[in-house]
Amino acid sequence: MHELGVVFHVIDHVKKIAEENKVSHVNSVTIELGEVSAVIPFYLEDCWNWAVTKHEVLIGCKLKIETIKAVTYCEDCKSEYETVKYGKICPNCGSEHTYLLRGNEFTIKEIEVND
Ligand SMILES: [Zn+2]
């Protein structure tokens, strides 16, 4: 499952930061997740809740997900529009010369710890 790999990656990263900063317990991790990032929040939380039980420093650690709306830019009419609603074709001029401005993110935004 794709989400499980993502969760392992995040946990590795968070554990490394916790070790470097001599943190005893991580309370929550905030993730910025783009609407079209191909990661499904529900599965992500599911994997997360299972995976954190395997690491002492993370037991009970919450995953907070902030969704970033996907926006596409049209090169022909220089407008921006909602990616999820219209896809690759600009709703203003019908052009296919478009690219994703944002919405593909998967970033660890914040790690909240006990110190
Ligand atoms: Zn356009």
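Where does Lys-78 lie? Lys-78 is in the loop between β3 and β4 (80–82). Strands here are DSSP runs of E with at least two residues, helices are runs of H or I with at least four, and both are numbered from the N terminus.

This is a predicted model, in which local features need pLDDT of at least 70, side-chain atom pairs count only at pLDDT 80 or more, and totals for chains, interfaces and linings use all residues. Residues are numbered from 1 along each chain as its sequence is written, and side-chain values use heavy atoms, without hydrogens and water.

**Zinc site**

Cys-74, Cys-77, Cys-90 and Cys-93 each give an SG donor to the zinc ion, lying 2.3 Å from it. Donors are N, O and S atoms within 2.8 Å of the metal (3.2 Å for Na, K and Ca); water is not among the atoms, so sites may look incomplete. The spacing along the chain is C-x2-C-x12-C-x2-C. Cys-74 belongs to strand β3 (residues 71–74) and Cys-93 to the loop between α3 (83–86) and β5 (98–102), so the pair ties together parts 19 residues apart in sequence. The 4 donor atoms subtend angles of 107 to 112°, so the arrangement is tetrahedral.

**Exposure**

Buried means under 20% relative accessible area, exposed over 50%, partly exposed in between (1.4 Å probe, protein chains only).

| Residue | Relative accessible area | Class |
|---|---|---|
| Cys-74 | 0% | buried |
| Cys-93 | 39% | partly exposed |
| Ala-38 | 61% | exposed |
| Lys-78 | 58% | exposed |

**Backbone**

Lys-78 is not a glycine, yet has a positive phi of about 55°. Ala-38, also not a glycine, has a positive phi of about 70°. Ala-38 sits in the loop between β1 (25–34) and α2 (41–51).

How values were computed: Tetrahedral: all angles 85-135°; square planar, octahedral: opposite > 155°, others 65-115°.
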